[in-house]
Amino acid sequence: MFNLSNETDYKLLYQTKNYYNFFILTTLFLFIAIFIRLIFLSIDNKSISETKINYNNYKSLPTIYDLNKNTLAYSDYNYSIKNIKNKTKYLKRDVPINEILEIIYEGNPYIKFEKILTRKYPHSNLTNNLIGHTNIEHQGISLIEKFVNGNSDDIELSINIQIQKKIYDSLYNETQYLNPNYALNVLVDLNTEEIVSNVFIDNRDFNRFDQTLMPTKDLKFDFGSVFKTFTVYSAIKNQKIDLNEYFDVDQPLYIGDKLINDFPRNSNIPMQVADILKKSSNRGAILIRRNLDCQNEFKLDLDQIGLLKSTNVGFGMKSVEPTVNNFRGSYCDNIPFGYGLSISPIQLINAYGKIITGRNSFQATFEKQKKLNLNKYNKISNTINKLLFYANETDNDLYKNFLVAGKTGTADQTISNDEKFQNVSYISFFPYNNPKYLNLTFMQNPKEKYGKYMTAGNTVKPTFFNILKEIYIYLDLSIINFQSTDI
């Protein structure tokens, strides 16, 4: 207790008052400093909040799954770090949350972050040119993503990502040796009409395909001798040939004033239909077609199997329109051996699907289907399938193990500087007497080969069998009926 009459106590009281005033002033100063800091933080938080609102207004798109519910595309948030001092500069994108927290604790007022809704593709290297893309506003703008953008339900594709990975790895190894510009492989389940795998590999260092294109439907080619199957099909369907009939392919044959050559050039003996397919005789295919009325039989059959019009591939997507090119004269004689009609791979797949299953409604799709389709065998389909098994003969063990039928095609192409290269195709199905799977293997301009000549038989045909070796264990081939393998 202070004694006010005591001078010492007065001094103590005075000092206490000074301390009290100092405490009040210090507290007031700290309060003002904190208040000002809160104002600045409020402004900063408002800026961050506005950024978040800007991005959080975007809606998550439905998830895309493969056939077995593996995720192929989904929406999720990621964080980007930026420096807003002077001019905004992004320092890092897709930053883990722990790194964001570390930077926030540093307290630099110019370092900000954004929470951005983005599209994630766990298998982007495998689904390139298949799934499509979204724009900066998180809207699907191409391929399947464009379809997803207008829907609220998750999407299930027919793609089996496990099989696609196996095919991708095998095809990639093949392209490392054969060195094509690009390569394509499509596997179709004939019972469900589902596209199980759709692999595309572009080996070029420049002018790569637009990532919004799907080569299966958006590109088109002259496929070469794979078209000879359609010529034989039309002749059998219209009862214009006998399989035992012989065609003299050694006699000179012209389209207009152009001499048509065969490879090999001289067979020495006339050929029956089976050998015209097996030896891939251009002259033989033309001679078979000349038994047909071009407009009222041959052209009608090409149209019926879908080669003269665009087609759907699922999710609202359509293939390109075919192009008829008369650069070698009458298309009636060019198309029979594989020139003059440029089509997309999906149109080629559907045409073969119709012929070998006997189902005129056959249409391969990327959409997951809910029912199985029974093959509608008839005399035409059985005959064609036997012919293509015979024509496909090879010493590869898998040929007989899985009864693989097929047809190769080599089409010469010329670019602007008169440099020539080949489009090589091999379309195959198995087992031929009860077709379950169909496969298309295609390459543009391979620089190397497995045999003496640059043909489909020395490039994409062995490529397919190397792929089949890797995937057959994953396919439904548990029961193969070996009956009726005669020709």
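Reply: Happy to! Let's start with Leu468: setting aside residues within four places in sequence, Leu468 is in contact with Leu398, Phe402, Val404, Phe430 and Leu475. Keep in mind that this is a predicted model.

Me: What makes those residues count as being in contact with Leu468?

Reply: Contact means heavy atoms within 4.5 Å. Leu398, Phe402, Val404, Phe430 and Leu475 are listed as contacts of Leu468, so each has heavy atoms within that distance of Leu468.

Me: Which residues have the most contacts inside the largest nonpolar core?

Reply: Those are Phe230 and Leu468, in a core of 107 residues. Helix H11 gives the largest share of this core, with seven residues. Apart from that core lies another one of eight residues, including Ile260, Ile286, Phe337 and Ala411. As a general point, nonpolar side chains tend to be buried together in soluble globular proteins.

Me: Why is H11 called roughly perpendicular to H12?

Reply: Helix H11 (residues 345-357) and helix H12 (residues 379-391) pack at an angle of about 110°, and their axes are 7 Å apart. Angles from 65 to 115 degrees count as roughly perpendicular, so H11 is roughly perpendicular to H12. On the H11 side the contact is made by Tyr352, Ile355 and Ile356, and on the H12 side by Ser381, Ile384, Asn385 and Leu388.

Me: How many residues of each class are in the contact of H11 with H12?

Reply: There are five nonpolar residues, two polar ones and no charged ones.

Me: Why is Glu193 called buried?

Reply: The relative accessibility of Glu193 is 9%, and buried means under 20%, so Glu193 counts as buried. Glu193 lies in the loop between strand E6 (182-189) and strand E7 (194-202). Although Glu193 is not a glycine, it has a positive phi of about 65°.

Me: What makes Phe315 count as buried?

Reply: Phe315 has 6% relative accessibility, and the cut-off is under 20%, so Phe315 is buried. Phe315 is found in the loop between strand E10 (312-314) and strand E11 (317-318). Its phi is positive too, at about 55°, although Phe315 is not a glycine.

Me: What makes helix H8 mostly covered?

Reply: Seven of the eight residues of H8 (residues 282-289) are buried. They are Asn282, Arg283, Gly284, Ala285, Ile286, Ile288 and Arg289. The partners they pack against include helix H6 (228-237), helix H7 (273-278) and helix H9 (294-304).

Me: Where is the cis peptide bond with omega near -15°?

Reply: The cis bond runs from Phe430 to Pro431. Pro431 lies in the loop between strand E15 (420-430) and strand E16 (437-444).

Me: How many helices and strands does the protein chain have?

Reply: The protein chain has 14 helices and 16 strands. Of its 487 residues, 48% count as buried.

Key. Residues are numbered from 1 along each chain as its sequence is written. This is a predicted model: local features need pLDDT of at least 70, side-chain atom pairs count only at pLDDT 80 or more; totals for chains, interfaces and linings use all residues. Side-chain values use heavy atoms; hydrogens and water are left out. Axes are lines fitted to C-alpha atoms, for helices over the stretch in contact, and angles run from 0 to 180 degrees between N-to-C directions. Helices (H or I, at least four residues) and strands (E, at least two) are DSSP runs, numbered from the N terminus. Angles under 35 degrees count as roughly parallel, over 145 as roughly antiparallel, 65 to 115 as roughly perpendicular and the rest as oblique. Ala, Val, Leu, Ile, Met, Phe, Trp, Tyr, Cys and Pro count as nonpolar, Asp, Glu, Lys and Arg as charged, and the others, Gly among them, as polar. A nonpolar core is a set of buried Ala, Val, Leu, Ile, Met, Phe, Trp, Tyr and Cys residues joined through side-chain atoms within 4.5 Å. Buried means under 20% relative accessible area, exposed over 50%, partly exposed in between (1.4 Å probe, protein chains only).
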